[in-house]
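Dear colleague,

I am passing on the structure we spoke about, with the sequence alongside. Please look through it first; my notes follow below.

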Amino acid sequence: MDQIDAVRTPASWVVVGLDNGGTCNNATVLDATGQFLVDSLVENPSLVTEGPESAVEQLAEAFTSILELTSTPRTLVRAVGLDTPGPASADGVISSKGSTNFSQVSWHGFDIRGALQARIGLPVVYNNDANAAALYAHHRHFGAEAMERSSVAAIVGTGLGGGVVELGKVVSGAAGMAGELGHVQIPLHGVLEEDQPVPECNCGFAGDVESIASLTGIAKNLLPYWLRRFPDHPLAGEPISRAAKLLRGYGEKEDPLAVAVFEQQAKAIGKLFTIAANFTDPAAYFLGGGVVEAAPHFRQWFLNTVREHTQLRAEQQAAATFVLVPDLDMAGARGAAVAALETVRPVG
Ligand SMILES: [Zn+2]
């Protein structure tokens, strides 16, 4: 267990949130009054590369440890929320093709939710990690009004994750694939330069949001184009994946190449939010990911640029807000816990 700043003991029954990542699990406890019992990351190794058996055991270990840490008797736990990277079905069956984190063949089509439920003997509620983060952003922002509001979240990382929340609940879809906002294709007019090739996404689509607004999109599409226009730029001498990671630092210093790239990203997210405005007309548009950890003036500029390129009607402008999502490293575990709490609350 990592060093942690503050730990409380439960005032009531609780749910546990478990966030499963490529290297670590992160765990939290949420009590029935809506209070999180830990204020920082509590991690253990996820061992996902060793296959399902080891990984489920590590999740069970994370569950036991977080109860010990918060002095929570197991009898107080009503449910466990679990999130993992996708793609997976709405009830936690990993894609039959596997995925980046679950590449071993034994993971393909593996029911991680069911396996954890069988292992710990408590109901387990599943969400993919982007949906869990979206749910946490929603509940944190709206508080007591969460169940009456709707929101859309775009989280810029290696890919572009996201989620759609309607009346406080994640829209998961028939196959569990709702809210895959990164793979929504957007109008490129006004986003790309005249001589810029249409960006391609790893999913096979051309011109979707992730092909532009993600670290992968920077390395694969945006940076190669912009470096041709700025051949003397210091990043021209770096391997492209390293250059992509360094770009944010240049953006914070208002480097023209970096500003051009991030402006294209912000415009792409604005186009996505314009589509969202016409689909679910949400009360809040959340923006999270690496850009939120950037210097305040830079992240505010990025958010403002997204807002400028989201075309809302006057009525929508009056009703909606644009918000940066903080605490993203804990958002998965916390969102998973919120989902579990919503599942069991009616009987409380
Ligand atoms: Zn895509």
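In what sense do strand 6 and strand 7 pair, and over how many bridges? Bearing in mind that this is a predicted model, strand 6 (residues 151-156) and strand 7 (residues 160-166) run antiparallel to each other, and six bridges join them. Within this pairing, Val 152 is found opposite Val 164 of strand 7.

Both strands belong to an open sheet of five strands, ordered 8-7-6-9-10, in which the pairing is mixed. Strand 8 (169-170) and strand 10 (321-324) form the edges, and since each has a single partner strand, one side of each is left without a neighbour in the sheet.

Two helices lie across this sheet. Helix 6 lies across strand 6, strand 7, strand 9 (284-289) and strand 10, and its direction is at about 160° to strand 6, while helix 7 lies across strand 9 and strand 10, running at about 150° to strand 10.

Helix 5 deserves a separate look. Just after helix 5, Glu 254 adopts a positive phi of about 60°.

Conventions. Residues are numbered from 1 along each chain as its sequence is written. This is a predicted model: local features need pLDDT of at least 70, side-chain atom pairs count only at pLDDT 80 or more; totals for chains, interfaces and linings use all residues. Side-chain values use heavy atoms; hydrogens and water are left out. Helices (H or I, at least four residues) and strands (E, at least two) are DSSP runs, numbered from the N terminus. Two strands pair if DSSP finds at least two bridges between them. Contact means heavy atoms within 4.5 Å. Axes are lines fitted to C-alpha atoms, for helices over the stretch in contact, and angles run from 0 to 180 degrees between N-to-C directions.
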